[in-house]
Amino acid sequence: MENKVTIKKEEVLSDGFFTLKKVTFDLANKEGQAEEQKREVYHTANGATVLLYNVEKETVILTRQFRVATMLNGNDSGMMIEACAGIIEDGSADETIVREIEEETGYKVEDVEKIFELYSSPGATTEKLHYYIARYQPGNKVSDGGGLDDEQENIEVLEMAFKDAYLMIENGTIRDAKTVQLLQYAKLHVFTPEKVFDVL
């Protein structure tokens, strides 16, 4: 069914790092009558995220960093284990994720595979994430990573067994949506279940 929408007004409520707007619009209901609705929409930049994996070692690279928003909603420490990610500012999503991999993890990996695009939270934000997977080898390590000082990033790089990372979903250690999605994709398409999950 095609929705008939008329945007009537957009008001800027906050214009900081990203922009928060109140949007007033008419949307046709199931009887075809226009109903006025108002929604607050956070206009965020699109982003890219990647799961680095090594099939031979059966390992993945993740990161740990502080996320204040989670501390305000039940995560006492504010620390989150996540897949490498970043916002798309200059260049394509492909170029962005290659750059973010090196900045955050210290691995120089240029062969990335895009697997899909998803809207992160369509009820409230405009953000669309581009999801990738990429092989890494120990020889790809060119620096300690950790993010950029001028962006006040303080990122810890974690290399762990894939089966351990996957168990972190079940025990609640990993609670970041994009990371869960990438690990689930890897379980289905990258690692051999009979080999990696024989103890689960």
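Buried here means under 20% relative accessible area, with exposed over 50% and partly exposed in between, using a 1.4 Å probe and protein chains only. By that cut-off, 38% of the 200 residues in the protein chain are buried. Two notes on the source. This is a predicted model, in which local features need pLDDT of at least 70 and side-chain atom pairs count only at pLDDT 80 or more, while totals for chains, interfaces and linings use all residues. Residues are numbered from 1 along each chain as its sequence is written, and side-chain values use heavy atoms, without hydrogens and water.

The chain has five helices and ten strands; these are DSSP runs, helices being H or I of at least four residues and strands E of at least two, numbered from the N terminus.

Now the inside. A nonpolar core is a set of buried Ala, Val, Leu, Ile, Met, Phe, Trp, Tyr and Cys residues joined through side-chain atoms within 4.5 Å. The largest one has 24 residues, and Leu51, Val60, Leu62 and Ile133 touch the most other members. Which helix gives the most to this core? That is H4, with five residues.

Helix H4 runs over residues 177-189, and its buried residues are Lys178, Thr179, Val180, Leu182, Leu183, Tyr185 and Ala186.

Back to Val60. Leaving aside neighbours within four places in sequence, Val60 is in contact (heavy atoms within 4.5 Å) with residues including Leu51, Leu158, Phe162 and Phe191. Apart from this core lies another, of 14 residues, among them Ala48, Leu52, Ile101 and Tyr132.

Notes:
The expected span of a helix is 1.5 Å times one less than its number of residues.
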